[in-house]
Every structure is written in structure tokens, then in C-alpha cells.
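Here is a friendly briefing to read alongside the model. Keep the sequence and the 3D view open as you go.

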Amino acid sequence: MDNFFKQAWAGLRILLALTVILGVAYPAVVWGVSRVPGLHANAEATDTTLVAVAREGDKYFVPRPSAATLPASGGSNKSEINEDYTKVVDERRTEIAQREGVPEDQVPQDAVTASASGLDPHISPAYAEIQIPRVAKASGLPVEKVKELVAAATEGTFTTTVNVTALNRALDAA
């Protein structure tokens with residue numbers, strides 16, 4: 001029994017030591033390093049636009065549809081052979097074609113299908129392109145200015161995308 005208490009006491013000391021090291025000291029060191037000037041230019045002030053934010057009104061660009069309901073994220077497990085999914089995609093295509101004033105065959109695929117997380121802020125340049133006339137008219141900005149804002153929000157190395165959240169922020173500032 002004496003051996004049991006020695007081992008229990010040793011285990012408890014290790015638990016307490018690791019709790020202090022990993023639960024207090026390590027986070028404090030990481031936080032301290034993040035405050036060192038020059039390592040990262042003001043990390044707290046960076047513009048993070050990682051989540052799609054849908055805005056009300058025609059003066060804003062519309063992100064991809066979401067299969068998630070906030071605060072949760074997640075996609076749908078339905079595929080193109082699922083009749084319900086096909087119906088939803090067809091309804092979205094008709095709705096977007098009417099809203100943007102284009103034929104249904106010009107509505108890009110990303111406009112009618114949700115992203116994997118359902119919260120992706122990126123759309124294709126083609127989807128942004130068909131929204132430009134509507135946004136320009138509703139916002140009162142010239143079409144060329146809206147095109148410049150789209151170009152500024154376009155990013156990517158292998159796949160070119162437009163960050164809708166950043167683009168809508170730029171529209172507010174214009």
C-alpha cells in the first residue's frame with residue numbers, strides 16, 4: 001500500500017507540473033512572443049475575412065449559399081444524384097438568374113452550390129462578374145469603380161477567387 005501512495009503522489013506532482021507548464025507558462029510565452037515588435041505587424045489589427053457575411057440589399061455582392069445555420073458550420077451530405085439537392089440547385093439557379101438578369105446557363109456553379117464548410121467567403125470571378133451591374137446600379141457607383149473593387153478583392157495563386165466579405169467592406173468604404 002505504501003508503494004501505491006508513492007506512485008500516486010508522483011503522478012499528482014507530474015500532473016500539477018504539466019498543468020502549470022502547458023496551461024500557464026506555454027500560453028504566456030506564446031502571447032509574449034506575439035507582442036515582440038517586428039515579428040508580426042500588429043497581429044490584432046489584421047483584416048481577417050475568413051467567414052462569409054451575407055449582407056441585405058442589392059448594393060452588396062452575394063456570397064455562396066450556405067448549407068449551415070450559424071453558429072454551426074458544415075456542409076450537406078447530399079450529392080448531385082439526390083433529387084432534393086438537384087431541386088434546390090435548380091431553384092437557386094433560377095433565382096440568381098432572375099436577380100442578376102442573366103440566362104440560367106450563365107449562372108456559375110459556385111453560385112448555386114454551397115462550400116464545404118458553408119461559410120466560405122470566396123466566390124469565382126465569374127460569379128462576381130454577373131453581380132457587377134446590379135451592385136453598381138444599387139450602390140450608385142460607376143461600373144468601372146465596382147470592377148476595380150472586384151479586382152482588388154481578387155486573390156489566389158492556383159485558383160483565383162474573390163473575397164466577398166472584403167469586397168463588401170470595400171463597397172461600404174467607397
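The notes below go from the whole chain to a helix, a sheet and a few residues.

This is a predicted model, so local features need pLDDT of at least 70 and side-chain atom pairs count only at pLDDT 80 or more, while totals for chains, interfaces and linings use all residues. Residues are numbered from 1 along each chain as its sequence is written, and side-chain values use heavy atoms, with hydrogens and water left out.

**The chain as a whole**

- The protein chain has six helices and three strands; helices (H or I, at least four residues) and strands (E, at least two) are DSSP runs, numbered from the N terminus.
- Starting at the N terminus, the elements follow the order α-α-α-β-α-α-β-β-α.
- Of the 174 residues in the protein chain, 27% are buried; buried means under 20% relative accessible area, exposed over 50%, and partly exposed in between (1.4 Å probe, protein chains only).
- The protein chain exposes about 11,600 Å², with carbon and sulfur atoms supplying 60% of it; accessible areas come from the Shrake-Rupley method with a 1.4 Å probe, and for residues only the protein chains shown count as cover.
- Taking contacts between residues at least 6 apart in sequence, 65% join residues at least 24 apart; contact means heavy atoms within 4.5 Å.

**Helix 1**

- The 33 residues of helix 1 should span 48 Å at 1.5 Å a residue, and its end C-alpha atoms are 47 Å apart, which agrees; the expected span is 1.5 Å times one less than the number of residues.
- Helix 1 bends by about 30° at Ala 25, and Pro 27 follows within four residues; the bend is the angle between axes fitted to the seven residues ending there and the seven starting there.

- Three strands form an open sheet in the order 1-3-2, with antiparallel pairing.
- Strand 1 (122–123) and strand 2 (154–155) are the edge strands, each pairing on one side only.
- Strand 2 and strand 3 (residues 161–163) pair over two bridges in the antiparallel sense; two strands pair if DSSP finds at least two bridges between them.
- Thr 161 in strand 3 is the bridge partner of Glu 155.
- Thr 161 counts as buried because its relative accessible area is 18%.
- Residues touched by Thr 161 include His 122, Ile 123 and Pro 125, leaving aside residues up to four places away in sequence.

**Two arginines**

- Arg 64 sits in the loop between helix 1 (2–34) and helix 2 (83–100).
- The side chain of Arg 64 reaches the backbone oxygen of Thr 113 at 3.0 Å, and a polar atom of that side chain lies 3.3 Å from the backbone oxygen of Asp 110.
- Beyond residues up to four places away in sequence, Arg 64 also touches others, among them Asp 120, His 122 and Ile 123.
- Arg 169 belongs to helix 6 (residues 164–173) and is partly exposed, at 38% relative accessibility.
- Arg 169 and Tyr 60 are 109 residues apart in sequence, and their C-alpha atoms are 9.2 Å apart in space.

How values were computed. A polar contact is a pair of N or O atoms within 3.5 Å; within protein, one must be able to donate a hydrogen and the other to accept it, and residues adjacent in sequence count only if both atoms are side-chain atoms.
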